[in-house]
Amino acid sequence: MKECKKCSIEKPLIAFSKDKRQESGYFYYCKECCAAKDKAKYAKNTAEICEKAKTHYAKNRKKVRNQHLQKMYGIDTAIYEGMREQQLFSCLICKEHEDTLKRGLFVDHCHTTGKVRGLLCQPCNFLLGMARDDRSVLKQAIKYLDQHNERTL
């Protein structure tokens with residue numbers, strides 16, 4: 001148990017962020033108080049914060065992209081680029097080339113295991129996500145399309 005210096009409420013350690021700089025090993029404000037403080041700060045300085053983020057991203061685009069890939073999927077830019085080459089710069093499902101896509105290729109991963117499966121265009125990635133990676137839902141969708149295909153009517 002630890003007392004938050006902001007709200008003065010004693011809470012379990014899980015309610016605090018870890019901070020190696022502190023003697024206790026945990027930050028002195030609870031996560032709830034930190035979130036409220038950050039929300040208020042953002043509300044006051046929204047435009048300034050957004051401008052700083054845009055500037056940082058513009059200056060560090062490759063580094064930010066690599067950090068995102070590492071954090072979300074456990075891969076780095078080199079692995080991503082290798083996957084693009086191996087897939088001939090195209091979506092694994094619809095074969096659409098990335099040059100014709102607005103936002104390039106997205107990393108597709110299994111939500112159960114976290115394992116990266118390949119790179120997909122945004123519509124194909126959404127398709128799998130909306131079907132919750134459930135084969136029976138996708139089979140039913142194909143059946144539905146077959147039944148309602150205007151070309152065959």
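Start with the lining of the largest pocket, which by class has 9 nonpolar, 7 polar and 10 charged residues. In this count Ala, Val, Leu, Ile, Met, Phe, Trp, Tyr, Cys and Pro are nonpolar, Asp, Glu, Lys and Arg are charged, and the others, Gly among them, are polar. Before you click further, note that this is a predicted model, in which local features need pLDDT of at least 70 and side-chain atom pairs count only at pLDDT 80 or more, while totals for chains, interfaces and linings use all residues. Residues are numbered from 1 along each chain as its sequence is written, and side-chain values use heavy atoms, with hydrogens and water left out.

**The pocket**

The largest pocket has a volume of about 620 Å³. Select Arg-65, His-68, Leu-105, Phe-106 and Val-107: of the 26 lining residues, these are the closest to its centre. A pocket here is an open set of points on a 1 Å grid over the protein atoms alone, where a 1.4 Å probe fits, with protein on both sides within 12 Å along at least five of seven lines; lining residues have an atom within 4 Å of a point. Points are joined across faces, edges and corners, and the volume is the space filled by probe spheres set on them.

Which elements each supply at least two residues of this lining? They are α3, α4, β5 (106-109) and α5. The largest share, 7 residues, comes from α3. Helices (H or I, at least four residues) and strands (E, at least two) are DSSP runs, numbered from the N terminus.

**Helix α3**

Now select α3 and check its span. Step on to Gly-74, which follows α3 and has a positive phi, near 75°.

**The cores**

Next, select Leu-69, Ile-75, Tyr-80, Cys-91, Leu-105, Val-107 and Leu-119, which touch the most other members of the 14-residue largest nonpolar core. Two or more residues of this core come from each of α3 (61-73), α4 (77-86), β6 (116-120) and α5 (122-130). Apart from it lies another core, of 5 residues, among them Cys-4, Phe-16, Cys-30 and Cys-33. A nonpolar core is a set of buried Ala, Val, Leu, Ile, Met, Phe, Trp, Tyr and Cys residues joined through side-chain atoms within 4.5 Å.

Zoom in on Leu-119: leaving out residues up to four places away in sequence, its contacts (heavy atoms within 4.5 Å) include Tyr-80, Met-83, Cys-91 and Phe-106.

Beyond its neighbours within four places in sequence, Glu-98 is in contact with Arg-84, Phe-89 and Leu-105.

Phe-89 lies in the loop too. Although not a glycine, Phe-89 has a positive phi of about 60°, and its relative accessible area of 29% makes it partly exposed.

**Two last selections**

Move to Arg-132, in the loop between α5 and α6 (135-147). Arg-132 has a positive phi of about 55° although it is not a glycine, and it is exposed at 65% relative accessible area.

Finish at Lys-18 in strand β3 (residues 16-18), exposed with a relative accessible area of 69%. Leaving aside residues up to four places away in sequence, Lys-18 touches Gly-25, Tyr-26 and Phe-27.

Definitions and conventions:
Buried < 20%, exposed > 50% of the residue type's maximum accessible area, 1.4 Å probe, protein only.
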